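Dear colleague,

Please find below the structure that I am handing over to you. The findings are set out after it.

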Amino acid sequence: MSAKIRTQEEIAARVKALESMLIEQGVMTTPAIDRMVEIYENEVGPQLGAKVVAKAWSDADFKARLIEDATEACQELGIGGLQGEDMVVLENTEGVHNVIVCTLCSCYPWPVLGLPPNWYKDPQYRAAISREPRQVLRESFNFTVPDGVEVRVWDSSSEMRYWVLPQRPAGTEGWTEEQLLPLVTRDSMIGVGPVGVVAS
Amino acid sequence: MTSRTTLPSPGSSAAELGEARREIENLVCGMPGGDPDQMGFQHPWEIRAFAMAVAAHQELKFDWSEFQKALIASIQDWQTANPDAGESPWSYYQHWVAALEAVLADAGLLSRTEVDLQTQELLALPPNRNHHEAHTEPIAVDLARTVHV
């Protein structure tokens with residue numbers, strides 16, 4: 001048995017081939033595999049993205065650099081990696097809420113956000129979010145964007161991966177980055193959920 | 001175990017996930033390189049491969065020790081072939097994939113040749129079709145609605 005080192009592309013294709021063969025033969029089902037992935041999908045990444053957001057919330061200069069060039073600003077924090085190239089951060093404001101999707105496959109800024117959740121790859125999400133974003137957010141994610149706020153949906157591709165800089169919640173004046181960190185959720189950086197609640 | 005619907009559902013509670021995770025950790029802590037700290041995933045395929053091995057074990061009811069042995073064998077083969085281990089690139093999950101293939105081939109469920117063929121076919125497809133182009137504008141905008149008070 002030889003396990004010669006393959007390129008990332010080769011090995012990724014081999015794993016995909018294995019998976020589709022096993023599913024075809026009825027040996028296992030996609031939900032069984034997805035279930036396992038779900039357990040670990042938060043393992044890598046979201047904490048890194050949260051770190052970037054907490055810093056942007058506390059440091060206006062960093063935030064300006066992040067919006068100017070997310071790839072470079074993330075590198076300042078030692079966050080990068082091949083697929084993290086050409087990241088663009090979309091800032092949520094009082095008037096605009098951003099959501100990301102990959103309409104064709106599952107392009108995702110995974111060095112920052114970790115592995116995409118299963119639903120992100122689902123054709124249903126991919127199609128629905130660009131058709132009726134407000135409704136999908138409300139009905140599938142139980143997340144209501146106020147009517148007075150515009151919703152923009154951005155399509156990530158392998159050349160340009162988007163992610164969302166949520167608004168810093170009210171009531172956090174004077175908080176340190178460490179205190180802000182746990183408020184940043186993965187879903188808030190995809191644009192499908194709120195940041196954590198500030199306990200008063 | 002509830003089956004997963006496509007969009008997030010309250011189906012899997014944190015407690016359920018925690019329980020499933022403990023079961024998996026019991027499996028992996030006896031593996032070579034099974035220190036959870038070393039098992040971090042760096043690439044999406046790694047998590048798929050990891051999940052497939054655990055799912056195969058659960059669905060096919062093969063003995064986990066078979067997979068363990070195959071993994072050890074794959075790593076040992078590699079070490080024999082690369083005595084200068086410090087200098088060669090190392091990928092834990094490539095061994096994981098090799099071990100999974102070995103177990104499934106032993107069970108007569110697939111042949112390496114078939115996997116090779118299917119892999120070549122996938123590699124021949126253009127990656128992400130036309131998704132290499134950057135999309136610099138939002139693909140959908142749902143304008144703010146005037147709120148009448």
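Predicted model: local features only at pLDDT ≥ 70, side-chain atom pairs only at ≥ 80, totals over all residues.

Residues are numbered from 1 along each chain as its sequence is written, and chains are lettered from A and ligands numbered from 1 in the order in which they are written.

Chain A has 11 helices and 4 strands (DSSP runs numbered from the N terminus: H or I of at least four residues for helices, E of at least two for strands). Strand β4 (residues 161-165) of chain A is mostly covered, with 5 of its 5 residues buried. Strand β1 (residues 87-91) of chain A pairs with β4(A) in the parallel sense over 5 bridges (pairing requires at least two DSSP bridges between the strands). Within this pair, Val88(A) has Tyr162(A) as its bridge partner.

An open sheet of 3 strands draws on both chains, in the order β2(A)-β3(A)-β1(B), with mixed pairing. Its edge strands, each pairing on one side only, are β2 (96-101) of chain A and β1 (140-142) of chain B. From one strand to the next the twist averages 20° (axes are lines fitted to C-alpha atoms, for helices over the stretch in contact, and angles run from 0 to 180 degrees between N-to-C directions). Strand β3 (residues 150-155) of chain A pairs with β1(B) in the antiparallel sense over 3 bridges, and Ala140(B) is the bridge partner of Val153(A).

In chain B, the axes of helix α3 (residues 64-81) and helix α4 (residues 92-106) come within 8 Å and cross at roughly 125°. The two helices, α3(B) and α4(B), are therefore oblique to each other (under 35 degrees counts as roughly parallel, over 145 as roughly antiparallel, 65 to 115 as roughly perpendicular, and the rest as oblique). The residues in contact include Phe67(B) and Trp78(B) of α3(B) and Trp96(B) and Val103(B) of α4(B) (contact means C-beta atoms, placed from the backbone, within 7 Å).

Key:
Contact = placed C-beta atoms within 7 Å. Buried ≥ 20, exposed ≤ 12 C-beta atoms within 10 Å, placed from the backbone.
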